[in-house]
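Trainee: Please pick one residue in this predicted model and take me through its surroundings. I would like the packing around it in one connected account.

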Amino acid sequence: MKTARAGESRSDSTEHRHSQQRDALLAMLARREDHPTARELHAQVCRRLPHVSLATVYRNLELFVQQGLAVKLQVPGGEARFDGKRGHHGHVRCVKCGRIADIPARRLPLRASPVRRVAGFRILEIHVDLRGLCPECGREQRRS
Ligand SMILES: [Zn+2]
Ligand SMILES: [Zn+2]
């Protein structure tokens, strides 16, 4: 356990604050199932740490992506979304609202795939990106 020293320098405590923000953000992202945007994560982190800026959230998210702790999901015509979930899985994206849900690895067609080898490669993973209508948008479309 690390205890605060009386003569702790300013940069030490700034560093501590930054790592606290980073840890909080990573933990929040890992718990979320909905692939939030940076803005959505910022709104959540602000409830606990009111002084975190949106720029800090963006910077940390890019860092997580570089370190392999998160995946950035580009949404055509929308804000990028972030995924803190580890392990191989696929995604399905709503064409109307941009919401993204997970497809568990066991439902991906790797085992059933006729493509086991292609161009000399042995296939280990298949990333599936499906597009559709989420339950809410599907209901709206049926009503109209
Ligand atoms: Zn939708
Ligand atoms: Zn995901």
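Mentor: Take Ala 70. Leaving aside residues up to four places away in sequence, Ala 70 touches Leu 29, Leu 61, Phe 64, Val 65, Phe 82, Asp 83 and Gly 84. A contact here means that the C-beta atoms of two residues, placed from the backbone, lie within 7 Å. This is a predicted model, in which local features need pLDDT of at least 70, side-chain atom pairs count only at pLDDT 80 or more, and totals for chains, interfaces and linings use all residues. Residues are numbered from 1 along each chain as its sequence is written, while chains are lettered from A and ligands numbered from 1 in the order in which they are written.

Ala 70 also belongs to the largest nonpolar core, which has 11 residues; among the others are Leu 29, Leu 61, Phe 64 and Phe 82. Such a core is a set of buried Ala, Val, Leu, Ile, Met, Phe, Trp, Tyr and Cys residues joined through C-beta atoms within 7 Å. A residue is buried if 20 or more other C-beta atoms lie within 10 Å of its own, exposed if 12 or fewer, and partly exposed in between, again with C-beta atoms placed from the backbone. Of the 144 residues of the protein chain, 13% count as buried.

Helix H1 (10-31), H2 and H3 each give two or more residues to this core. Helices (H or I, at least four residues) and strands (E, at least two) are DSSP runs, numbered from the N terminus. The protein chain has four helices and seven strands, in the pattern α-α-α-β-β-β-β-β-β-β-α along the sequence.

The axes of H2 (residues 38-48) and H3 (residues 54-66) come within 9 Å and cross at roughly 120°. Those axes are lines fitted to C-alpha atoms over the stretch in contact, and angles run from 0 to 180 degrees between N-to-C directions. H2 contributes Ala 38, Arg 39, Leu 41, His 42 and Val 45 to the contact, and H3 contributes Leu 54, Val 57, Tyr 58 and Leu 61. Seven of these residues are nonpolar, one is polar and one is charged, where Ala, Val, Leu, Ile, Met, Phe, Trp, Tyr, Cys and Pro count as nonpolar, Asp, Glu, Lys and Arg as charged, and the others, Gly among them, as polar.
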